[in-house]
Amino acid sequence: MEAIYWRYGEEKMVVRRKKSLITLAILILLVSYYFSQLNWISISKEFVSLEDLPEEFDGFKIVQLADLHNKEFGEGNKRLVDKINGLEPDIIVITGDMLNNSQEIPNNGEVLVELLEILSNDYPIYYVTGEHEEGMYYEDRNKYQNKGTKEEYEERLRELGVTVLNDEKATITEQDSKINLYGLKEHLSGEMRIEHRLGKTSDDKVDILLSHRPFYFDEYVDWGADLVFSGDTHGGMMHLPFIGGVVSTEELFPEYDGGLYHKESSLMVVSRGLGNNPVPLRVNNRPELVEVVLKSK
């Protein structure tokens, strides 16, 4: 009888061990998945055909960075730099929220500055702000930043050769052909008034727009943008099959959570971003570099 009880007790112990090992394995898998979703950079490639794109720009490669939020991928962002160098872009465009609007973060913005110190040696870089950069300036609208910080920050970027587009236009030239690149600085309130801020689009050139928020796509279309680069939504943080992104800073189930969108004669590329804010959460939604290759029709 004692032998039976002993075997029974031993079997229960074996079962408990198996359950414990299975539970531990599941936890390890979940933790590994969580950290991979935050740190494993993906690359999304889009081929974009544009009317009136000069032949000289056929194959022109644009890499987009968005929503870094002071995130680092290895020391000095080495893994991110290596990914970008592997793509060999003609230009880099940045669509805002590269830092966090908080004085509680030491050396806020230094992560991006150090990244651009490396990248600006090899690539032309164009930058527009998001709400986190703009929040550094509007002292009456936030409790963290000191007045003037944004201007000093942007001056540091310009010293590195970065073109900061605060409601401005740049012209990109390949041989004798040109395209226009416009930048809308983040507009924290009120109407967009794009034509008032940027003027009218051109009749004979491709017009590309950088703007942090994708939710104004209708306004971008009405203005006449051929191609828009945007971000802000972080891919909806959690991406569900057949549903898409779940939550953004603006709304639940955002209409523009990431990818390529088409409306009338305009296209918009929305990056799922690289970093995280306000919480470090990504599910089925890895950090993203966007590579866009322009094609002539």
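Ala, Val, Leu, Ile, Met, Phe, Trp, Tyr, Cys and Pro count here as nonpolar, Asp, Glu, Lys and Arg as charged, and the others, Gly among them, as polar. By these classes, the lining of the largest pocket divides into three nonpolar, four polar and eight charged residues.

The model is predicted: local features need pLDDT of at least 70 and side-chain atom pairs count only at pLDDT 80 or more, while totals for chains, interfaces and linings use all residues. Residues are numbered from 1 along each chain as its sequence is written, and side-chain values use heavy atoms, with hydrogens and water left out.

The protein chain has seven helices and 14 strands; helices (H or I, at least four residues) and strands (E, at least two) are DSSP runs, numbered from the N terminus. Of its 297 residues, 48% count as buried, where buried means under 20% relative accessible area, exposed over 50%, and partly exposed in between (1.4 Å probe, protein chains only). Among contacts in the chain with a separation of 6 or more, 70% come from residues 24 or more positions apart; a contact means heavy atoms within 4.5 Å.

Two strands pair if DSSP finds at least two bridges between them. Strand 5 runs parallel to strand 4 (residues 125-127), to which two bridges join it, and Tyr126 stands opposite Thr163 in strand 5.

Strand 8 (residues 207-211) is largely enclosed by the rest of the structure, because five of its five residues are buried. In a regular strand the side chains alternate between the two faces of the sheet. In strand 8, Asp207, Leu209 and Ser211 point one way, and Ile208 and Leu210 the other. Strand 7 (residues 177-184) pairs with strand 8 in the parallel sense over five bridges, with Gly183 opposite Leu210. Strand 9 (residues 227-230) also runs parallel to strand 8, joined by three bridges, and Val228 is the bridge partner of Leu209. Strand 8, helix 7 (residues 217-223) and strand 9 make a right-handed β-α-β unit: with the strands pointing away from the viewer, the path from the first strand over the helix to the second runs clockwise.

On a 1 Å grid over the protein atoms alone, a cavity is a set of points where a 1.4 Å probe fits but cannot get out, and a pocket is an open set with protein on both sides within 12 Å along at least five of seven lines; lining residues have an atom within 4 Å of a point. Grid points are joined across faces, edges and corners, and a volume is the space filled by probe spheres set on the points.

The largest pocket has a volume of about 200 Å³. Of its 15 lining residues, Leu50, Glu51, Asp226, Ser265 and Lys297 lie nearest its centre.

A search of the whole structure finds two cavities of 30 Å³ or more. The largest has a volume of about 40 Å³, and its lining includes Leu184, His187, Ser211 and Arg213. The second largest cavity, of about 30 Å³, is lined by Glu72, Gly76, Asn77, Val111, Glu114 and Leu115, which divide into two nonpolar, two polar and two charged.
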